[in-house]
Amino acid sequence: MQFIILLFLSLIPVTTWSITVKEMTVNGRTNPLGISGNHVSLSWNNISNERGVYQSAYQILIGTNEGGKDIWDTGMVASDRQIDISLPKDIRLDSAKRYYWQVRAWDQNGKASNWSKPSWFETGLLSPQDWCNAKWIGPERSKDAEQSLPLFRKKLNISKAIQSVRLYASAHGVYQVSINGQKVGAQYLAPGWTDYTKRIQFQTYDITSEIHIGENVIGAALTDGWYKGKVGLNWREVYGSNLALIALIKIEYADGTVEHIVTDQTWKTSQGPFVQADLQDGETYDARLEQMGWDRKGFDDSLWRKAKVFDDDLSKLVPQPDSPIKILETLDTKQVTEPFPGEYVYDLGQNMVGVARVRITGKQGQTVRIRYAEEIYRTGKDKGRIYTDNFRTAKVTDYYTFARDESIVYQPTFTQHGFRYIEITGVNTPPQKEEVKGVVLGSRLQDTGALKLPHPMLNQLISNIYWGQRSNFLSIPTDTPARDERLGWTGDINVFAPTACRFQDTRAFLSKWMDDVRDAQKPSGNIPAIIPQPNNAFDETGVGWSDAFITIPYSVWRSTGDTSILRNNWESMKRFYAFVYESATHDGNLLEEGRSSWFSGDWLNLEDADRLEEHKVIATAYFAENTMMMSEMADALGEKEKATQWYELSQQIRDAFCRIYRNEDGSIYTGTQTVYAMALGMKLITSPMERKQTAEKFIEKLHADNYHLKTGFLGTPWLLPALSEIGRNDLAMKLLLNTDYPSWGYEISMGATTMWERWNTIQADGSFGPVEMNSFNHYAYGAVGDWIFQHLGGIQILEPGYKQSHIEPLYNALKESSCSLQTAYGTLSVDWKQTDTSLEVSVVIPVNTTSDIVIPCKSITDVYEGDSPAITSAGVSHYQFKEGKLILTTGSGTYQFRTSLK
């Protein structure tokens, strides 16, 4: 504290700086448009070319104009915080308002940075009154005839200069808006999936450039989506049967006046060309029903009907807090085959989620069918044809009917499929290879992690994990994007979250899903197994599934250092933990033998153990781990007393675990790989001697299993970490590099481009696993990615957000690797390469962080940084030599280490 006071006394205006402020985010997003005004969390990166730089103070300005400070001027704040700076509670933000903010920071020597470039965020509509009497409108439906899905239109007459125009919109269903015939925004499948009975997201669009003086027309198309369409296991109309649209157009004129155009009975509606559009079954588009120019001026809408007004509660409308679903990329066709006359199959070479984009030619009234598949038959009479049995009741088929003789490009608008293969039938002339593409859709998250290894199989595994994440992060974290399910299973994201946080910035996405979790929380504190919970299905939940309530916020906080996800969910998390605590302690001990369910035990494991008996061990392990996580998060939120209480309790649970489930010979009750992995990986055995004894039993178990994994969803994330914990990274690599069944390498040897649901989703003979549950794109087993980043990439978290990191790749396992993470503080990376005679290690450490860098060597003097001994290098604050390793504690900067291996 004395140092800080002296620092401030010595501060004087300066014209040079060692820090540059960049990468400013609000609620984990850059320049977000239309956010809530209740939770505003500011973060930024500091960049410097110097070493050992850290932030000693900051100042934030927020104003209604660039460079303004009429909303908030923090003054100089003595703090190294640069993540999750919240606005004071007494600041009330206005609805539909843009705010600008800037930051400057001081380094440890009192040098101030320049002010950052102005960044901004804009609030959405913050109360029902802000919708200015907008109504939910829908089509007048005829009971006597089948009707196609509705279109809406509204004329806007602009007579004077415009300053800005915003569109706020949402739907019961899925909608797309156009202005003067052009699609608004890059978003698809809006408004996204929530429990619509409790919360409906709306989107904000800047349409200033689309509106001009004179007549304008706003158009909207509306389809079933998650609201009315098919979700889960063939459930329909879960949230309602009436499609509806709500919209507000706010026009600010250059003269300062404001006009509001809202959805009401003056809007007109008619049928459109979308005969049917379902997220699971697909889209049917009949071009004969097109009304040319319907969303442009000059169109005769005299035969269109007035829209019907529906009553609904506007208080359920909330600004969308996460990034929207967008086109992420477009894939080319790799190969075209005709396995059966008239069936043309296009292989994209990658399992993905999205839709096809095809150029097709046909005659008036001709219908082209487009089907999708994750796999093709590999053997038998159907060899080469697409395999769709695993989709179960999901039809996964699009249809296009021509209005005239022509060639067109068709891309479905209101559906999404999980697929690698596209089958086209009903054409006289098949599209050429270059005329069929895969349009990848998903929630737009910022990529953060990259890892390249000198091993083709491992690089493919990394790719498979990443594509599995992209595929299943679509509005919510799903289990599979292809079959008739696509549900937010809590168990899948529970085990995968640490890996997900390596590949992408999950703050906004998983924070939004935690809103869904709170919506689903029961009076008991528990949550269902799927969230959102359509049809009240899978209400029976259990260990490893509902625990996501704790593990997801913990994973996001650990990876980013951002406590906002903790603050926003803390009271609900404590209610859930109270439920867990009561379940474990109601019988007078600390053993969790309750919370069982139909998927208790290690789901989809390959062992023969009694699942309900294994469940007791797993459940108690989770109770200990949950308690430790709650202790750490309480400490981060300033609840020190509670943190201490939970820490002590976690130790007591560990003692109880060992007392009951650890036998005298060191074996763990039920003897499965999973119980060993959790006992050692979760550090449930605190005695070094007992841990060593159990480690020997674990190795015996692996030897008996021929050093192949047998773990399921809950055990797999802990398998390799447990081996690292007992100093057997050699066995971890052995399991990782296996290419025969069961292993990650086996999947890849069978052609997998995403993760499988089962270890034997495809059998060695090319046949497929059980049709009732056999997904080719299921990220749970991709949880190994976290270990790969930690040990092969060599980057481990010591303090949340990588405030302090540990750099130590497995130098003996590979000859080189390249790993980088875009952390909340900036770029953290390590690149290394070794030959028979030398080792070179390049490391980049972000400003305001430190790292322990481990270099194997024979002596301290053998390691150089540049041309000087590493221990004397600028930026190195401490070092120690231990067991053939030099451990260097460094501040920020770029370092080039080398040592001789002779």
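Of the 902 residues of the chain, 61% count as buried, where buried means under 20% relative accessible area, exposed over 50%, and partly exposed in between (1.4 Å probe, protein chains only). This is a predicted model, in which local features need pLDDT of at least 70, side-chain atom pairs count only at pLDDT 80 or more, and totals for chains, interfaces and linings use all residues. Residues are numbered from 1 along each chain as its sequence is written, and side-chain values use heavy atoms, with hydrogens and water left out.

**Overall fold**

The chain contains 15 helices and 48 strands; helices (H or I, at least four residues) and strands (E, at least two) are DSSP runs, numbered from the N terminus. Its radius of gyration is 29 Å, close to the 29 Å that the globule rule gives for 902 residues, so the chain is as compact as a globular protein of that length. The radius is taken over C-alpha atoms, and the rule is 2.2 Å times the number of residues to the power 0.38. The C-alpha trace spans about 85 × 80 × 60 Å along its principal axes. Contact means heavy atoms within 4.5 Å. Among contacts between residues at least 6 apart in sequence, 73% join residues at least 24 apart.

Cys501 is buried, with a relative accessible area of 10%. Its sulfur is 15 Å from the closest cysteine sulfur, in Cys819, and that is too far for a bond. A disulfide is a covalent bond between the sulfur atoms of two cysteines; here the criterion is a pair of cysteine sulfur atoms within 2.5 Å. A search of the whole structure finds zero disulfides. Cys658 also counts as buried, at 14% relative accessibility.

**Thr397**

Thr397 lies in strand 31 (residues 397–401) and is buried, with a relative accessible area of 7%. Leaving aside residues up to four places away in sequence, Thr397 touches Asp281, Gly282, Glu283, Arg369, Ile370, Arg371 and His417. Arg369 is 28 residues from Thr397 along the chain, and the C-alpha atoms of the two are separated by 7.1 Å. The side chain of Thr397 reaches the backbone oxygen of Lys395 at 2.6 Å.

**Backbone geometry in loops**

| Peptide bond | Omega |
|---|---|
| Ile531 to Pro532, cis | near -5° |
| Tyr741 to Pro742, cis | near -5° |

Pro532 sits in the loop between helix 5 (507–520) and helix 6 (548–560), and Pro742 in the loop between helix 13 (729–737) and helix 14 (744–749).

Asn180, a residue other than glycine, has a positive phi near 50°. Asn180 belongs to the loop between strand 13 (174–179) and strand 14 (182–183), and at 19% relative accessibility counts as buried. Thr670 has a positive phi of about 80° although it is not a glycine. Thr670 is in the loop between helix 9 (640–661) and helix 10 (673–681) and is partly exposed, with a relative accessible area of 26%.

Technical notes:
A polar contact is a pair of N or O atoms within 3.5 Å; within protein, one must be able to donate a hydrogen and the other to accept it, and residues adjacent in sequence count only if both atoms are side-chain atoms.
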